[in-house]
Amino acid sequence: MNTLTFPVLRQLADGQFHSGETLATQFGVTRATIWNAVKHAESLGVEVFSVRGRGYKLPKPIAWLDQDMVLKTIGAEREWFHVEVLDEVASTNTYLMQAAAKGAPHVSCAVAHIQTGGRGRRGRTWVSHLGASLTFSLLWRFDCGAAALSGLSLAIGVALMRALNELEIKTAKLKWPNDVLVDGKKLAGILIDLQGDLDGPSAAVIGVGINIDLPKQVLEGIDQPAIDLQHASHLELNQSVLLGTVLKHLAEVLRNFEQHGFMGVRDEWLSHHAYHNQSVRMLMPDGRNVEGVVTGIAEDGILLVETALGLQRFSAGEISLRSIN
């Protein structure tokens with residue numbers, strides 16, 4: 001890791017040209033050191049324009065994550081939260097899981113400007129780009145055991161929908177068990193890691209990734225149809241405000257989940273379900289395809305599908321769900 005990379009990127013955040021000589025003088029280093037910092041940024045997927053005689057610039061200005069703005073947006077309950085902003089990390093979930101094992105406090109949040117090894121469901125990689133996506137994880141400690149947390153990822157989806165609706169993004173839908181779609185394309189995903197005993201106290205590290213304004217070539221390179229908030233809403237959304245809004249609704253939903261489980265938000269989840277009463281195809285872990293019509297969600301978050309064999313229950317596992325329509 002180059003310790004000068006992010007200080008240099010912060011100077012370039014205005015989207016204007018900055019000469020290598022000026023940057024070198026500012027940081028008290030050589031122009032070659034600045035060049036190395038820029039090259040490291042490019043290795044992280046950051047596009048930096050370099051023009052002889054003018055210097056370096058980013059394609060567009062970047063609003064960096066601001067901890068104070070995040071907490072202000074959360075509002076009255078901000079005192080609950082322990083928000084840590086990281087420049088670069090392999091995975092916010094892995095980082096927070098390690099911190100949880102060492103006693104990190106309840107309602108800790110780790111958010112990264114760049115995530116180099118983000119994980120998605122079913123072994124996928126979550127694409128993360130500076131200023132173009134929001135990737136964070138939230139630690140929530142439960143008195144109950146992990147066995148009582150069925151349907152948690154679906155409840156998190158409800159919190160995301162509430163946050164998006166507050167931000168005037170009305171076209172999003174939920175895909176079982178842990179995706180947010182717009183026009184059938186993936187806008188956001190959820191990945192939950194659990195610690196603790198089945199019966200005793202447990203902890204959930206809730207990872208969320210939201211596409212904000214990904215470059216066209218990045219969107220097209222993702223291994224499934226994807227969309228970002230810029231294309232979904234055409235609104236200019238500040239990352240810090242987005243994060244604070246999501247965290248506020250996550251706390252509300254999680255407190256409800258502690259009392260009522262998934263049943264507390266099941267009807268709300270169904271109201272946003274992209275495939276409710278639609279024909280779907282499920283790719284099973286053993287390679288089989290199962291087709292049917294989605295009829296609902298059970299109280300434990302199990303998907304209910306009317307198939308040729310009758311009404312069947314499907315748990316998340318490694319199932320891949322697709323619409324037939």
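Here are some friendly notes on this predicted model, point by point.

1. **Ground rules.** The model is predicted, so local features need pLDDT of at least 70 and side-chain atom pairs count only at pLDDT 80 or more, while totals for chains, interfaces and linings use all residues. Residues are numbered from 1 along each chain as its sequence is written, and side-chain values use heavy atoms, with hydrogens and water left out.

2. **How α1 meets α3.** Helices (H or I, at least four residues) and strands (E, at least two) are DSSP runs, numbered from the N terminus. Helix α1 covers residues 5-12 and helix α3 residues 31-43; their axes come within 9 Å and cross at roughly 90°. Axes here are lines fitted to C-alpha atoms, for helices over the stretch in contact, with angles from 0 to 180 degrees between N-to-C directions.

3. Q11 is found in helix α1 and is partly exposed, with a relative accessible area of 27%. The scale runs from buried (under 20% relative accessible area) through partly exposed (in between) to exposed (over 50%), using a 1.4 Å probe and protein chains only. Leaving aside neighbours within four places in sequence, Q11 is in contact with H18, L23, Q26 and F27. Q11 and L58 are 47 residues apart in sequence, with their C-alpha atoms 9.9 Å apart.

4. **The nonpolar cores.** In soluble globular proteins, nonpolar side chains tend to be buried together. A nonpolar core is a set of buried Ala, Val, Leu, Ile, Met, Phe, Trp, Tyr and Cys residues joined through side-chain atoms within 4.5 Å. The largest such core has 69 residues, of which F136 and L247 touch the most other members. Helix α6 (residues 152-166) gives the largest share of this core, 10 residues. A second, separate core of 21 residues includes L44, Y56, L58 and W64.

5. **F136 and S137, side by side in numbering.** Beyond four places in sequence, the contacts of F136 include T92, C109, A110, I206, G207 and L247. S137 sits in strand β5 (residues 133-142) and is buried, with a relative accessible area of 0%. The side chains of S137 and T92 are joined by a polar contact of 2.7 Å. A polar contact is a pair of N or O atoms within 3.5 Å; within protein, one must be able to donate a hydrogen and the other to accept it, and residues adjacent in sequence count only if both atoms are side-chain atoms. Not counting residues up to four places away, S137 also touches N93, L96 and S108, among others.

6. Is D143 buried or exposed? D143 is exposed, at 77% relative accessible area, and lies in the loop between β5 and α6. D143 and P201 are 58 residues apart in sequence, yet 4.6 Å apart from C-alpha to C-alpha.

7. **Backbone points to look at.** The peptide bond from W176 to P177 is cis, with omega near 0°, and P177 lies in the loop between β6 (172-175) and β7 (179-182). E168, in the loop between α6 and β6, has a phi near 70°, a positive value in a residue other than glycine. D183, in the loop between β7 and β8 (185-196), has a positive phi too, near 55°. E168 is exposed at 54% relative accessibility, and D183 is exposed at 66%.

Key. Contact = heavy atoms within 4.5 Å.
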